Structure formats: structure tokens, C-alpha cells
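Keep the 3D view open as you read.

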Amino acid sequence: TIDYQTYLSAAEIAAIEHEVSIMETRDAAGIEALKVVQAHRGWISDDSLFAISDLLAMPIAQLEGVATFYNLIYRQPVGQYVIHVCDSIACHLMGYEAVLIAIKQHLAIDYGQTTADGKFTLLSNACLGCCDKAPAMMVGTEHYQNLTPASAVAVLAQLAAKGEADDCS
Amino acid sequence: MTVAKFNTVITPLTQWVNLQQPLDFTAYCQVGGYQAAKIALTEYQAHEVLEIVKNSGLKGRGGAGFPTGMKWSFVPMYAPEDKNAPDNKYLIANADEMEPGTFKDRLLLEGAPHQLVEAMIIAAYTIGANKAYIFLRGEYHLAAKRLQQAIDEAYQHQWLGDNIQGSQFSLNLYLHCSAGRYICGEETALINALEGKRANPRAKPPFPQVSGLFGKPTIVNNVETLCNLPHILKNGIDWFQGLAPNSDAGTKIYGACGRVKKPGLWELPMGVTLREVLYQHAGGMQAGLAFRGLLPGGASTDFLVAEHLDTPMDYDSIAKVGSRLGTGGLIVLDDKNCPVAMVLNLMRFFAQESCGYCTPCRDGTPWAVEVLARIEQGQGRIQDLDTLSKLCDFMWIGKTHCALAPGAV
Ligand SMILES: NC(=O)C1=CN([C@@H]2O[C@H](COP(=O)(O)OP(=O)(O)OC[C@H]3O[C@@H](n4cnc5c(N)ncnc54)[C@H](O)[C@@H]3O)[C@@H](O)[C@H]2O)C=CC1
Ligand SMILES: Cc1cc2nc3c(=O)[nH]c(=O)nc-3n(C[C@H](O)[C@H](O)[C@H](O)COP(=O)(O)O)c2cc1C
Ligand code: SF4
Ligand code: FES
């Protein structure tokens with residue numbers, strides 16, 4: 001086990017305790033706690049899991065069960081920007097595959113990989129809820145719609161130039 | 001009661017939607033916002049509101065179309081001094097919208113957040129819940145920001161918190177942001193998620209209405225279902241039923257995606273025909289493409305083709321032609337997209353989002369993906385059709401733990 005007080009920052013602990021205060025039980029705040037720590041550290045390491053389970057006094061197996069259940073909890077290190085390309089039906093009918101190929105070529109990575117400079121990680125995502133503006137992708141917390149191969153690459157080029165991270169909460 | 005004034009409204013749900021800049025508390029009040037909640041709290045007892053909702057004919061817009069008033073009536077009610085009363089009941093707005101081809105709730109969440117807050121006050125009052133959650137899918141970041149703003153404003157103006165507007169009724173409303181998993185939209189999986197557990201569905205019965213969140217009576221309603229409530233209370237049952245030409249009442253937010261001319265969302269009378277949505281509102285197919293078929297209400301509904309286009313889009317009529325109204329979002333297939341590739345895409349989604357709890361779904365969906373992929377690559381074998389039909393049988397209603405697998409086949 002890991003003592004949460006030595007591992008988590010005061011800001012992380014405060015944010016998690018706030019989530020606990022609106023739930024009925026401590027472990028009900030598990031998913032929120034994971035999101036808090038991920039927002040601060042980018043991803044959820046084993047040490048983070050142990051620290052959160054200590055803070056919430058919940059079994060590590062239950063927390064790991066929660067952490068691995070969700071698409072937006074990263075159990076491996078990710079880049080500064082995580083790109084989620086929608087691969088569901090509307091985006092398929094509108095030809096997202098060409099957008100995906102362009103992104104893969106531009107970044108020279110495949111699904112699940114991170115660029116060498118640590119800027120981008122490429123993942124898929126189920127329907128982003130903007131099917132009337134397909135194809136779509138989410139980068140960090142921003143949604144981009146009506147994509148073409150060229151416009152998707154342009155978005156990434158702009159982000160690479162900008163450099164500052166979006167807060168993924 | 002003031003009824004007449006509002007009776008001409010025909011798009012109640014979307015009339016104040018503004019995606020650029022939703023109405024803040026003051027602006028929402030100026031257009032009549034929170035009047036319905038006031039009517040509920042000051043003019044009616046809870047059981048009277050329940051009676052109104054029952055008689056309105058409102059059915060759940062989450063896809064299953066279960067009558068809302070009837071669902072609420074299963075929640076046990078207690079006198080204030082009753083010792084058997086549970087210490088809490090819960091109301092949950094299901095905003096986990098993740099069904100591919102469905103994007104209607106997003107419009108209401110981003111465009112009119114106060115409407116949902118007001119609706120939840122009315123619903124919570126009716127079932128006697130003092131705690132409510134909005135369960136929002138993790139990808140809807142803008143909606144999260146706007147909902148939290150609306151909730152904060154409602155607290156500031158005593159529409160949430162203890163003794164709302166000086167009444168006996170108290171309600172705390174919280175926003176919970178999920179982290180991306182389709183099954184969390186299934187109401188019992190959602191409840192497990194909110195309890196901090198892995199979000200596998202629970203067996204029903206018991207239904208959440210009697211034993212839900214932390215074992216307490218709980219109502220889970222879709223966002224669009226809830227948003228109807230202020231309008232029903234303000235304008236009355238007759239008005240609500242008059243909105244629709246057929247037996248189902250009210251309006252419905254229909255949508256269309258795929259290669260149609262004008263993909264989008266429209267609030268229309270419940271029961272307009274598929275043809276009207278497809279041709280009048282979505283503008284028909286893009287130039288050079290012909291219509292091949294559609295899914296009427298999201299990825300989990302069955303294909304319909306040209307001969308079905310005059311079917312009214314209400315729960316009973318669509319069921320009669322062998323599909324389901326579902327969420328009312330058309331996914332339109334054209335003649336240049338391959339139907340097998342389309343089905344393969346859908347099946348991949350279900351395989352990926354299967355929660356893994358029961359064998360027919362956990363193993364059946366990837367198996368179906370494998371077979372479909374083979375057919376799509378032109379290497380199908382005649383026995384593949386047999387396999388697919390067997391798989392469909394294994395994953396049909398009653399053989400799996402929840403409705404994801406039947407939805408997939
Ligand atoms: N909006 C979306 O993003 C999605 C919607 N769906 C829709 O969800 C539907 C399936 O949902 P389910 O909850 O499994 O359907 P269901 O028919 O089991 O339940 C619908 C509602 O009625 C209540 N209910 C049903 N029978 C009852 C009874 N005998 N006694 C008391 N209450 C009862 C349930 O508690 C629930 O709230 C599908 O029709 C599908 O279209 C599916 C996926 C995503
Ligand atoms: C796999 C699955 C996913 C679901 N996702 C949603 C959802 O995202 N939103 C929703 O309102 N209902 C969803 N439902 C339906 C809910 O279980 C439930 O029927 C609904 O929230 C009840 O609300 P209503 O009575 O207002 O329609 C889903 C059902 C299944 C089987
Ligand atoms: S049918 Fe699928 S999603 Fe539903 S409980 Fe079984 S494995 Fe999970
Ligand atoms: S299918 Fe891609 S946004 Fe809905």
C-alpha cells in the first residue's frame with residue numbers, strides 16, 4: 001500500500017474530498033478521484049491507484065475494476081494531447097477512415113501509441129454525440145467536427161505549435 | 001391556473017434552446033422559467049402532479065418508451081412521520097447518451113440547462129426525492145460546464161437546497177461526469193457506477209423504483225423525458241396530447257445522420273412519418289446517392305427500408321413494422337456505402353462496449369465481428385450465415401443479463 005498523504009498533493013486531496021462530500025459513501029467517489037489524479041498527473045499509475053484506495057478506504061481490486069472499466073481513464077502514460085477519433089456508425093458512413101489514415105501518417109503512430117516527442121497519443125472513441133457533423137474527433141476536452149483529412153491534420157499542426165496542455169478533467 | 005397563454009407552443013422542448021449562449025437564470029425566468037416548478041410546489045400535492053404526468057401519456061424518451069407516470073407510481077410514498085420511510089430517495093437524469101447515431105440530449109443539455117434543472121425539481125418533488133444526480137457522459141465537456149453553472153445559479157436563487165422557495169421541499173442536485181462507457185447508460189449499470197462499483201448491470205426485478213441507488217427507491221429518467229415536465233405542468237394535459245396526431249403524446253426530438261443533405265435535429269409532433277423526417281427535414285439523400293435503408297432510433301434498432309417510409313415514428317407503429325423507435329435518431333444508409341461494412345461497424349461497437357458480465361454477449365459479439373469481417377472481405381462461407389443466425393439466437397432477449405446484446409443483434 002501507499003500512504004496517500006505522502007503521495008497525493010494537497011490540491012488533489014482537497015478535490016477528492018470535495019467529491020466525497022457529495023456522495024453517500026467514500027468509495028462512491030472512486031471514479032471522480034481517478035479523474036482528479038489523472039487531471040494532475042496525466043494518467044493513472046499503480047502507485048496512484050494504491051494512494052487513492054488508501055484515501056478512500058476502498059479495496060484496491062474494486063478501484064482497479066473501476067479504473068480499467070472506463071475508456072477515459074488512462075492506465076498507461078499518454079501524451080500531452082490525447083486524440084480520440086470517433087469510429088462509430090455516422091462517422092463511418094461519412095468516411096472517418098480517411099481522416100484516421102491522414103492522422104496516422106501525419107503523426108507516424110498507430111492506435112494506442114504516443115509520438116516520440118510525447119505530444120500526441122492516438123485512441124479511438126465511440127460515438128461523440130455529434131453525428132450530424134461527422135466525422136468527428138475529440139482532442140483533450142475539445143471537439144472537432146465535419147473533419148476532412150486536411151482539416152484534422154491542420155488541427156494537430158496548430159496544437160503542436162501551441163504547446164500548452166488542455167486540462168483533461 | 002394560467003393555461004391559455006402558452007397553448008400555442010408547438011416546440012416546447014427546444015423553444016429556448018440556444019447553443020451559442022444558453023439562457024442564464026434571469027433570462028430563463030423572463031421567458032417563464034421556473035413557473036412550472038412554482039406551480040408544482042405551491043398549487044399541487046405530489047400525488048396530484050403524479051396524476052397529471054400519468055394522464056399526460058408521457059412515455060420515456062430513453063428508448064424503451066415506458067410510461068413515465070406509471071414508472072413513478074412504483075416508488076413507495078410515505079407520510080412524514082412514517083418510521084419505515086427510507087432516509088433517502090433518489091432521482092437521476094440519464095445524460096449518458098452514447099448510442100451511436102443519437103445526439104438529441106446534447107442539444108437540451110448544452111442549449112437549455114435550466115430547463116433540465118427545473119424539470120428535475122418537479123420530478124423529485126413528485127416522487128419525494130431529496131437528492132438528485134445528473135449522470136453525464138464524460139465526453140460532454142461543454143454540457144458539464146453549462147449544467148454546473150445552471151445548478152450553481154439555481155442554488156443561489158433558492159431553487160435548490162433546503163426549503164426551496166420557502167416550501168417544505170428540499171433538494172440537492174449534483175452533476176456526476178462519467179468517463180466513457182456505453183453500458184453506464186443502462187439504468188442499473190448507471191446506479192452501480194454512481195455507487196463507485198464496476199458498472200455491470202444488475203438483475204431486474206427488483207426495479208430501481210423500489211431498490212436502486214444504495215438500495216433506496218430511485219427513478220432514472222432520460223433527459224428528454226424530464227424536459228417535458230415543466231411544459232406539461234404549465235400548459236396542461238390536453239395541450240400535450242394535442243401536440244401529436246396519433247396515440248402517443250407530445251413532441252419528439254428526431255434526428256438524422258449519414259449522407260443526407262441536411263443532417264440535424266428537429267423537434268416535431270410525436271408520430272410524424274419516417275418519410276417526413278428523411279425528406280422534408282433532412283432534405284433527402286445527397287446528390288448522386290440513393291436511399292437504401294435506415295435505422296430509426298440508434299444503433300440498437302433494426303433496419304427499415306423504402307416500403308416502411310410511411311410509418312409514423314411513434315413507439316407502437318415502428319414496433320409493428322419490426323423495429324423500435326429507440327431514440328428517434330435516423331441512421332441513413334446510402335447505396336454507395338456497403339451494408340455489411342455498416343453492420344460490421346455496429347457490431348464492433350457492441351463488442352467493444354460489452355461489459356463482459358455474461359457469456360453470450362461477451363463472447364458472441366466478438367465472434368459475430370469475426371464472421372462479419374470475413375464476409376465483408378469477400379471470404380464468407382455458406383455456414384457463416386448459420387453461425388450468425390445462431391449467434392443472434394444466443395444473444396436474444398431473455399438469454400443475456402441486459403438489453404445490450406439483444407440491441408446488438
Ligand atoms: N439513449 C441512449 O443513448 C440509449 C438508449 N437505449 C435504449 O434503451 C432501451 C432499453 O433500455 P432498458 O432500460 O433495458 O429497457 P426496459 O424496457 O427494461 O426499461 C425501461 C424503463 O421502464 C422501467 N420498467 C420496465 N419494465 C418495468 C416493470 N415491469 N416494472 C417497473 N418498471 C419497469 C425500467 O425501470 C426503465 O426505467 C432500448 O429501447 C434502447 O433503445 C439503448 C442504448 C443507448
Ligand atoms: C446498453 C444500454 C444503454 C443505455 N443508454 C442510455 C442512455 O444513454 N440514456 C438513456 O436515457 N437511456 C439509456 N438506456 C435506457 C435506460 O436503461 C432506461 O431505460 C432509461 O434511462 C429510462 O428513462 P426513460 O423512462 O425516461 O426513457 C440504455 C439502455 C441500455 C440497455
Ligand atoms: S448483455 Fe452484454 S452488456 Fe449486458 S450484462 Fe451481458 S455482457 Fe454486459
Ligand atoms: S458516430 Fe461519430 S459522432 Fe456519432
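**Where the chains meet**

Chain A places 42 residues in contact with 53 residues of chain B, contact meaning heavy atoms within 4.5 Å. Before going further, please note that this is a predicted model, in which local features need pLDDT of at least 70 and side-chain atom pairs count only at pLDDT 80 or more, while totals for chains, interfaces and linings use all residues. Residues are numbered from 1 along each chain as its sequence is written, chains are lettered from A and ligands numbered from 1 in the order in which they are written, and side-chain values use heavy atoms, with hydrogens and water left out.

The size of an interface is often given as the accessible area lost when the parts come together. Here the area buried between chain A and chain B is about 3700 Å², with carbon and sulfur atoms giving 56% of it; buried area is the accessible area (1.4 Å probe) that two parts lose on being put together, summed over both. On the chain A side, F69(A), I89(A) and L93(A) lose the most area to chain B, together 20% of what that side buries.

What about charges and polar groups? Across the interface of chain A and chain B the rule finds one salt bridge, defined as a side-chain nitrogen of Lys or Arg within 4 Å of a carboxyl oxygen of Asp or Glu. You will find it between the side chains of E24(A) and K131(B), at 2.9 Å from N to O.

Which elements of chain A give two or more residues to the side that touches chain B? They are α3 (30-41), α5 (60-67), α6 (89-93) and β2 (120-125) of chain A. Helices (H or I, at least four residues) and strands (E, at least two) are DSSP runs, numbered from the N terminus. The largest share, four residues, comes from α6(A). By class, this side of chain A has 21 nonpolar, 15 polar and six charged residues. Ala, Val, Leu, Ile, Met, Phe, Trp, Tyr, Cys and Pro count as nonpolar, Asp, Glu, Lys and Arg as charged, and the others, Gly among them, as polar.

**Inside chain A**

Chain A has eight helices and four strands, and along the sequence they follow the pattern α-α-α-α-α-β-α-α-β-β-β-α. Its C-alpha atoms fill a box of roughly 50 × 30 × 25 Å, taken along the principal axes.

Over all chains, the structure holds 25 salt bridges. One of them joins the side chains of R75(A) and E64(A), at 3.1 Å from N to O. R75(A) lies in the loop between α5 and β1 (81-86) of chain A and E64(A) in helix α5 of chain A, so the pair ties together parts that are eleven residues apart in sequence.

Two loops of chain A deserve a look at the backbone. The peptide bond from A134(A) to P135(A) is cis, with omega near -5°, and P135(A) is found in the loop between β2 and β3 (137-139) of chain A. A108(A), in the loop between α7 (96-107) and β2 of chain A, has a positive phi of about 55° although it is not a glycine.

**The sheets of chain B**

In chain B, four strands form an open sheet in the order β3-β2-β1-β4, with parallel pairing; two strands pair if DSSP finds at least two bridges between them. β3 (172-177) and β4 (218-222) of chain B stand at the edges, each with a single partner strand, so one side of each is left without a neighbour in the sheet. Five bridges join β1 (residues 90-95) of chain B to β4(B), and L91(B) has I219(B) as its bridge partner in β4(B).

Another open sheet of four strands has the order β6-β5-β8-β7 in chain B, with mixed pairing. Its edge strands are β6 (264-269) and β7 (291-295) of chain B. β5(B) is joined to β6(B) by six bridges, running antiparallel, and the two form a hairpin with five residues between them.
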